Amino acid sequence: MSRPWKDLKVRYQDDLRLFGSPTLRAGLVVMVFAYLFIPVWWETFAVTRLVEGWGLTMTTLNYAGIFAIGALGLNLLTGYTGQVSLGHSVFIGVGAYFTAYAGATWGLPFWLWLPGATLLGFAVGFLIGPFALRLRGNYLVVVTLGLVFVGDHVFRNWKSVTGGNTGVSVSKASLEVGPFDFRDLTLFGHGFEKQQSFFWLIWGFVAVTALLVKNIVRTRPGRALQAVRDRDIAAEIIGIDLFRYKTMAFAISSAIAAMAGGLYGTLQAYVSPIDFGLLVAIQYIAMVILGGLGTVHGSIIGALFVGALPRVIDGLAKDYDLPGVGGDKGGLEGILSVSSLNQVIFGLLIAGFLLLEPRGIAGILARVRAYFKAWPFSY
Amino acid sequence: MIQLLQGLFDGVAMGAQYSVIVLGFVVIYRATGIINFAQGGFVLIGAYVTYNVSQTWGWNFYLALLVSILVTAGVSMVVQRILLQWVLRETVGVALLLVLWAVLYFNGWGHVPAVATAAVVGLIGYGVTRRIEQHLGTGQTKELPVFGSIMVTIGLLFVIKQIVPSIWGFSELNMGDPWGLNVTKVGGLVLSHAKLWTIGLMAAALVAFFAVNRYTKIGVAMRATHFDHEAAVAQGISLRVVFAVAFGIAGGVAALAGTTAGAGIAQLTPNLDLVVFFAFPAMILGGFDSPGGAVLGGVIIGIVQNLTKVYQPEWDLQWLGVGFDRVAVYIVMLLVLMVRPYGLFGTKEVHRV
C-alpha cells in the first residue's frame with residue numbers, strides 16, 4: 001500500500017492553510033532567514049555586491065517594500081473586489097502628509113501617528129466608497145482619476161498642512177517602537193545604518209499587511225469580495241450587502257495605503273505633491289497588474305519589479321554605454337535621456353505583459369508550478 | 001454682463017476643443033469598447049507634426065494641418081492594428097522599423113533616409129513573418145480584457161510622451177499659425193482670432209463627423225458595429241475596416257485639437273497632452289458612447305471651467321486654491337454622475353446575471 005501524495009488535502013481547512021505543504025514551509029524558513037539577515041550580509045556577498053552595482057541597493061529594497069504595502073491594498077480593491085481605482089496615490093499622500101504634520105508639528109510617538117494615519121486613510125476611503133456603488137467599470141475609472149486631480153489640488157493648495165508645491169519635511173516623526181529606535185538602531189553592540197534598520201521596519205510591516213490581506217481573502221469576507229468582483233448583481237441576490245463590502249474594500253485598501261504613505265514619508269524624509277500624482281497611481285496599477293491581479297504574492301513581486309526596474313536601468317546606463325541613450329558614459333548625445341528610457345521601458349512592459357501574459361508574473365509562476373506538479377504528465 | 005459674455009465665448013472656444021477630443025474617445029469607444037488613453041499622445045503627435053510641416057519645412061499652415069491630420073490618422077490606425085489586435089507580423093515590421101530608425105539616427109543618419117531604410121527593412125520583416133506564419137498556421141489575433149486595453153494604451157501614452165520630446169525637444173515652440181494674437185473687438189467683447197478659428201474648425205469637424213455617421217455607408221457600418229458586433233459581422237461588415245476607420249477618425253480629430261491647442265497665445269510644449277485629462281469629465285458628462293453627448297459635454301465643461309476661472313476672484317473664492325477651475329469640472333462631473341450614472345446621453349448598460 002503506497003503512501004498518499006505528500007500534498008494531499010483531506011479537509012477544507014487544509015486547503016486554506018497558509019503554509020500547508022513542506023515546500024511552502026521551507027519557503028517560510030528561507031523568508032524569515034532572508035528578512036533577518038539581508039541587511040546584515042548585503043554588503044558581504046559577491047552576488048549582492050554585483051547586483052548593487054546594477055542599482056539594486058538597500059534603498060531600492062526599502063522603497064519596494066513600501067510599494068508592496070501599497071500594492072497589497074490596491075490588489076485587495078482591484079484584484080479581489082474588482083473596483084478599478086486609479087486614485088491610490090492620493091491615499092498614500094494622505095498618510096504621508098498626516099505623518100509629517102502629526103510627527104513634526106504635534107510630536108506624536110510612533111504608536112500614535114502610524115495608527116492615526118491608517119485611520120485617516122480608512123475614513124477618506126470610506127467617503128469614496130459609496131461612489132463605487134453607483135458607478136461601474138469605465139465610469140469608476142475616470143472618477144478615481146478625478147480623485148487624483150482633486151487630491152493633487154488639495155496637496156498643492158492647503159499650504160499650512162502640506163507645504164504647497166514645495167512639500168514638507170517628515171524627518172521629525174519619531175520612529176521609536178518600544179525599545180528600538182529605528183533612526184539609530186543598536187543591537188548586540190552593532191550600530192546599524194538607517195537603510196538597514198528601515199529594511200526591518202518596512203518589511204516587517206509588509207509581512208503583517210500580507211498576512212492581513214491573505215486572512216481577509218481566504219475567509220468569508222474575502223469570498224464575498226470575490227463574488228462582488230465576479231458578478232455583483234448576483235452577489236447581491238444571494239445576500240451580500242454591496243454597500244458594506246464595496247465601501248469596506250475602499251476603506252481598508254485606503255487604510256493600508258495611508259500606512260504605506262506614513263512609512264514612505266519617514267523613509268524619504270521629504271514629500272511633495274509630485275510624489276502622489278498620476279504617474280505614481282499608474283505605477284501602482286502597473287505593479288498590481290504585472291505582479292498578478294488577485295494574488296497576494298503577486299503584489300509583492302510586482303512591487304519589487306516596478307520598484308527596482310528604474311534604479312536598475314539607471315545603474316546599467318551608468319556602467320554600460322547603451323546605444324542611443326545619453327548617460328554618464330555616453331555623454332548627452334543620445335536620443336533619449338535615462339529617465340525617458342525608463343518611461344519608455346515602463347510603458348512597453350505594461351503593454352507587453354498585458355498582451356503576452358495577462359495574469360502577470362504570478363500567472364507565470366503558477367504555470368511553472370503546475371508544470372512541475374503534473375510532471376511527468378505535464379502537457 | 002460683458003464679463004459673462006466674454007467668459008462664455010472663451011468657454012465655448014475651450015469647450016469646442018474638448019468636444020473634438022472627446023469625440024475621438026467616443027468614436028473609438030463606440031466601435032471597439034475600449035477607452036484609448038493614448039489619445040493624448042495622438043494630440044501631441046498631431047500638434048508637433050503640424051509644427052514640423054509648417055515651420056521646419058515651411059509649408060502653408062492649413063496644408064500643414066491637413067498633412068498632420070492624415071499622418072496622425074495613419075499612426076492611430078497602425079497603433080490599433082499592432083497593439084490592440086496584436087497581429088504578429090505587423091508588430092515585427094514596426095518593431096524593426098523603430099529600432100533600425102533609432103540606431104541609424106544615433107549613428108549620424110538624418111531622419112528621412114533613416115526612416116526610409118528602416119521602412120524597407122520593416123517591410124521585409126513583415127513579409128518574412130507572414131510567410132512563417134502561413135507555414136505555422138498561427139495567424140490568430142488575441143482579445144484583451146477591457147481593463148487591460150486601458151493599461152496598454154496608458155503604456156503607449158508613456159512611450160509617445162518620451163519619443164515626441166526626444167525628436168523635437170522640451171522647449172516651447174511657436175506653432176506659426178496665421179492667427180497669432182489678432183483680435184476683433186465687438187462691443188466690449190474681445191474675440192481672439194485663434195479662438196474664432198478654433199470654434200469654426202471644430203464645428204466643421206463635428207458637422208463632418210455627423211454627416212459621415214448619418215449618411216455614408218461606413219457611418220452606418222460603425223453604428224451597426226456599436227450596436228452589436230456579431231450581428232454586424234453576420235451582415236458582412238468587416239470589423240477590421242470599422243476599427244481602423246474609427247481609430248483613423250480619432251487620430252485625425254486629435255491632430256486638429258492638438259494644433260489649435262498649441263496655437264494662438266498658448267505655446268507648443270510636450271505637456272500638451274494634459275488637456276486630454278481635462279476632457280475626461282466632458283466624456284463622462286456626455287456619456288461614453290454618444291457623439292452628441294461629446295459635443296454637449298465638451299461645451300458645458302469648457303464653459304464651467306472658464307467661468308470658474310473668471311468668477312473665482314470676483315466672488316472672493318481665492319481660498320479654494322490656484323487651479324480650482326480644473327477641480328471644479330471634476331466636481332461638476334461627479335454631481336451629474338450621481339444623478340445620471342451613465343452620463344447625460346450615455347447608453348444605460350444592461351447587466352444580465
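Among contacts in chain B between residues at least 6 apart in sequence, what percentage join residues at least 24 apart? The figure is 75%. Keep in mind as we go that this is a predicted model.

Let's stay with chain B for a while. It is built from 14 helices and two strands. Laid along its principal axes, the C-alpha trace spans about 70 × 60 × 40 Å.

Now zoom in on a pair of helices in chain B. Helix 7 (residues 193-215) and helix 8 (residues 217-227) pack with their axes 5 Å apart, at an angle of about 80°. Because of that angle, helix 7 of chain B is roughly perpendicular to helix 8 of chain B. On the helix 7 side, the residues that meet the partner are B:Val212, B:Asn213, B:Arg214 and B:Tyr215. Facing them from helix 8 are B:Ile218, B:Gly219, B:Met222 and B:Arg223. Sort the residues of this contact by class and you get four nonpolar, two polar and two charged.

Next, look at where chain B touches chain A. Chain B puts 41 residues into this contact, and chain A puts in 37. On the chain B side, the elements that give two or more residues are helix 4 (88-106), helix 6 (146-168), helix 12 (280-286) and helix 14 (324-339). Helix 6 of chain B supplies the largest share of that side, with 12 residues. By class, the side of chain B that touches chain A holds 31 nonpolar, seven polar and three charged residues.

Several residues of helix 15 of chain A are buried, among them A:Leu341, A:Val344, A:Phe346, A:Ile350, A:Phe353 and A:Leu354. The buried set also includes A:Ser340, A:Asn342 and A:Gln343.

You'll find A:Ala269 in the loop between helix 12 (242-268) and strand 6 (270-271) of chain A. Its phi is near 70°, a positive value in a residue other than glycine. Is A:Ala269 buried, exposed or partly exposed? With 13 other C-beta atoms within 10 Å, A:Ala269 counts as partly exposed.

Notes: Residues are numbered from 1 along each chain as its sequence is written. Chains are lettered from A and ligands numbered from 1 in the order in which they are written. This is a predicted model: local features need pLDDT of at least 70, side-chain atom pairs count only at pLDDT 80 or more; totals for chains, interfaces and linings use all residues. Axes are lines fitted to C-alpha atoms, for helices over the stretch in contact, and angles run from 0 to 180 degrees between N-to-C directions. Helices (H or I, at least four residues) and strands (E, at least two) are DSSP runs, numbered from the N terminus. Angles under 35 degrees count as roughly parallel, over 145 as roughly antiparallel, 65 to 115 as roughly perpendicular and the rest as oblique. Two residues are in contact if their C-beta atoms, placed from the backbone, lie within 7 Å. Ala, Val, Leu, Ile, Met, Phe, Trp, Tyr, Cys and Pro count as nonpolar, Asp, Glu, Lys and Arg as charged, and the others, Gly among them, as polar. A residue is buried if 20 or more other C-beta atoms lie within 10 Å of its own, exposed if 12 or fewer, and partly exposed in between; C-beta atoms are placed from the backbone.
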